[in-house]
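Please read it with the model open.

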Amino acid sequence: MSKTKRLSEARRGDRGVIVQVGNHQHFQEHELELERRLLELGLVEGARIELLHEGLFGRDPIAIKVDDMRVALRRREAANLTIEIEAA
């Protein structure tokens with residue numbers, strides 16, 4: 001059984017697929033800009049993702065593998081990505 005959660009809530013080793021980018025409620029310009037930047041980085045719906053590393057202090061930032069590349073994000077940025085976690 002798989003479940004959906006924000007990438008910011010994921011733990012090291014979690015794998016899944018991005019099912020939503022952004023919250024689609026663009027009340028402020030910076031939210032729209034962040035969503036655009038995430039999409040430009042290749043964080044698109046359907047991309048396979050794995051959380052590789054968490055920072056020492058506050059588990060921030062995180063390093064993720066998206067398809068064949070690695071990206072570092074802050075947890076507040078990762079909160080804009082919803083993923084479907086694969087069953088272990």
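1. Start with one residue pair. H53 has A63 as its bridge partner, and A63 sits in β4. Keep in mind that this is a predicted model.

2. That bridge belongs to a strand pairing. β3 and β4 run antiparallel to each other and share five bridges.

3. Now the whole sheet. Six strands form an open sheet in the order β1-β6-β2-β3-β4-β5, and the pairing is antiparallel. β1 (3–6) and β5 are the edge strands; each has a single partner, so one side of each lacks a neighbour in the sheet. From one strand to the next, the twist averages 40 degrees.

4. Next, the core. The largest nonpolar core holds 19 residues. L7, I18, L43, I64, L73 and L81 have the most contacts inside it. At least two core residues come from each of β2 (15–21), α1 (29–40), β3 (48–54), β4 (62–66), β5 (69–73) and β6 (81–85).

5. Which residues does L43 contact, leaving aside neighbours within four places in sequence? They are I18, V21, L38, I64, V66, L73 and L81. Of these, I18, I64, L73 and L81 are also listed with L43 among the residues with the most contacts inside the core.

6. Last, V19. This residue lies in strand β2. Is V19 buried, partly exposed or exposed? V19 is partly exposed, because its relative accessible area is 36%, between the 20% and 50% cut-offs. Not counting residues up to four places away in sequence, V19 touches T4, E45, T82, I83 and E84. R75 is 56 residues from V19 along the chain, and their C-alpha atoms are 17 Å apart.

How values were computed. Residues numbered from 1 in each chain as written. Predicted model: local features only at pLDDT ≥ 70, side-chain atom pairs only at ≥ 80, totals over all residues. Heavy atoms only, no water. Core = buried A, V, L, I, M, F, W, Y, C linked by side-chain atoms within 4.5 Å. Buried < 20%, exposed > 50% of the residue type's maximum accessible area, 1.4 Å probe, protein only. Helix = DSSP H or I, 4+ residues; strand = E, 2+ residues; numbered from the N terminus. Contact = heavy atoms within 4.5 Å. Pairing = 2+ DSSP bridges. Axes fitted to C-alpha atoms, helices over the stretch in contact; angles between N-to-C directions.
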